[in-house]
Amino acid sequence: MNILQERYSLAIERVKNLDVQELPKTYEPYVDHCRKFFLELDQVYTKEHTREKLLAWNQIFYQDLQGDNYETSYGNPAYMRQTYGEKIGDYLCLYYVSFRDGIVAAYEKDLETLTLCLELFLQMLLILQEDEVGRCLKETIYYHIHDYDETRVERSVERMLLPKASSFICKQIMESDFTNPDYLYEFGEYITENEIQIARFLNSYSEEELAKMAQTYTEGYRKGFEIAGIDLSKKKTVQIRYHIGFEPMVKQAILQFRAMGLEPVFSRTTNRAAIGVYSSSPNRQYQYDHRFDNALYMNKALLANRLKYFELSFQKYEKEALEYAGPAVIEIFGEKLFQPEAKEEAPAYRGDQEKMFVEYRRDYSLLQNRFIPSDSYSFTIIAYPIPEIGDQFEEIFAETVKVNTLDMDLYRRIHQKLIDALDQGEEVHITGRGDNRTDMYVHLHHLENPQGETNFENCLADVNIPVGEVFTSPVLKGTKGCLHVTQVYLNGLRYENLEIKFEDGMIADYTCSNYDKEEDNKKFIKENILHNRETLPIGEFAIGTNTTAYQMGRKFDIEAKLPILIAEKTGPHFAVGDTCYSMSEDQVLHNPDGKEIIAKENEVSALRKTQPDQAYFNCHTDITIPYDELGDIEVFTLEGKTIKLLEKGRFVLEGTEVLNEILDRDI
């Protein structure tokens, strides 16, 4: 028996023999619940997985987060503070969320993570019998994070770069019997009708149809390298991110990536965020409540150590880092619309923590770029609906496939007409219509050689599927005005009457009408769009041209559910944060017409040459004005001429009018 197995055996034996009545009465229900939780995890880890057990575990591990159950869940910070008081309640809630990391660990036979969760539970039991419970809970979770952070960091880097580190998921995809959706429960994630129905639906496709779907995704990935002039043959790994249930398509994608010489790597989701390989959330409010859990223990020393551990891990796997080709992402859309409740009991950053975590994210981004330079890899993103979108799921899915495979040659020609007009300008004016109050002026870079240079990228369906936009990084000085949308979903969160004001390309003010209190509206935007920064620059201005996607949204009444990936193609949009060329500004890129794209940075990103720690924000959020809220887009040239591109939400520039045929189609 190795040391880790011995530690686990001793810990689980203590849990089995635990008498909760020996603890103070107030903690008995909480401890008993956690004890039973760990005993079930032990069953997952040690026993055979029958269908009955898999179905039962799916409920046991997630039922307390579902619906009204969450009101009295130990994962609900409001309930825990009400039950145990502010300090003790906050930390017992954090401990409970940390214990839940053991769920996926048990399914993956990850003995180290499972053992650490168990040992943290046993440490907590000792603390609950002491006098200063709150202080000791805080110190213990801090040192638990501190002492094992190096191990966690190295494992996260391994999962990013080493195929063997994520072999469990790859085996599930390549060896599962897709005719029986029970395989889904083996992932250890929360499985709903979304996952079951999408798996059954995709399994009804022929292998040829699935391969064709996968090829749209994998070919877009390959084309990204080709367009950027990056040698794909030097790469060994591709990071696949997807929603559980899409395995029939992902299996075909793996085979196609392997034909390119790439092995897949996978990361797992956490209790707090849906990234990597993930499934439907048992409760999105739960995830929202815990987005800043690290505020309960984070300090500058911990973050500095974490950066050091990341550097050591990247150094250890320096060769593998250079062989990393980048992420290939399958997004989903169609989830029920969600507006979070702003809870004062949820963990939140103090002022000093906001600053230190912003600096940490920036420094981590710069560190990763040292070992995996942004101009040395590529990516691709594609999106599909899930059954939760409604009874017309299959029709919407078919329409999405159509949107993802539109005629690129047609759009290339239309985009070129727009770019030729835009490149004559020094400024673009964008206005709203009806209730939309947008009035924005975007200042463009000066073209020294108009015959060989361009400000706008002709964006086709390669890294960013579907086709349908021309975009640029504006000059900040002179870019000003008001950006307004009556309603928009950004990263799964709904904003009502989102209004952002800009001065010289920087956010000067912002508001929305989500909450009754203005301070709550500003806090919501600051946390989720500005990512706790005081301001951000405009990183991108674009004109979306995919009127087919826009009409799909209107036809099925799903505009609010479209992901940013598709929504950004359904009208002009502005991104706040980094430019689209963040950390790869020096890479030479050309449009299909041969002109070099020169507008790849702004006054902030230019600081990378002198103050790299001030140049990047590690965020990029697109905000789209839909055609039905759009007034005009016009270009002002140096000669005082005005070129109108769109008028009252319709394309009027010669050579682009074909896009209106779809806009005007009777739905």
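Start with the lining of the second largest pocket: by class, twelve nonpolar, three polar and nine charged residues. Here Ala, Val, Leu, Ile, Met, Phe, Trp, Tyr, Cys and Pro count as nonpolar, Asp, Glu, Lys and Arg as charged, and the others, Gly among them, as polar. This is a predicted model, in which local features need pLDDT of at least 70 and side-chain atom pairs pLDDT 80 or more, while totals for chains, interfaces and linings use all residues. Residues are numbered from 1 along each chain as its sequence is written, and side-chain values use heavy atoms, without hydrogens and water.

Select Gln-487, Val-488, Glu-559, Ala-560 and Pro-626: of the 24 lining residues, these lie nearest the pocket centre. The pocket holds about 480 Å³ of space. On a 1 Å grid over the protein atoms alone, a pocket is an open set of points with protein on both sides within 12 Å along at least five of seven lines; a cavity is a set where a 1.4 Å probe fits but cannot get out; lining residues have an atom within 4 Å of a point. Grid points are joined across faces, edges and corners, and a volume is the space filled by probe spheres set on them.

Which element gives the most to this lining? Strand E11 does, with four residues. E11 (475-490), helix H20 (547-555), helix H21 (564-567) and strand E17 (620-624) each supply at least two. Helices (H or I, at least four residues) and strands (E, at least two) are DSSP runs, numbered from the N terminus.

Next, show the open sheet of eight strands, in the order E13-E12-E11-E7-E6-E18-E19-E20, with antiparallel pairing. Its edge strands are E13 (506-511) and E20 (650-651), each pairing on one side only. Two strands pair if DSSP finds at least two bridges between them.

Zoom in on E6 (residues 425-432). Five bridges join E6 to E7 (residues 439-443), where Glu-427 stands opposite His-443. E6 and E7 form a hairpin with six residues between them. Pick Gly-434 in the turn: its phi is positive, about 65 degrees.

Now select helix H18 (residues 408-422). Its 15 residues reach 20 Å from first C-alpha to last, close to the expected 21 Å, which is 1.5 Å times one less than the number of residues. Asp-407 caps the N-terminal end, with a side-chain oxygen 3.0 Å from the backbone nitrogen of Asp-409. Among the buried residues of H18 are Tyr-411, Ile-414, Leu-418 and Leu-422.

Move to E10 (residues 469-472). Glu-469 and Phe-471 point one way, Val-470 and Thr-472 the other, and all are buried. E10 pairs antiparallel with E9 (residues 457-459) over three bridges and with E14 (residues 538-544) over four. Phe-471 stands opposite Ala-542 in E14.

Finish with the cavities. How many of 30 Å³ or more does a search of the whole structure find? It finds three.

Technical notes. Buried < 20%, exposed > 50% of the residue type's maximum accessible area, 1.4 Å probe, protein only. Polar contact = N/O pair within 3.5 Å; in protein donor to acceptor, adjacent residues only side chain to side chain.
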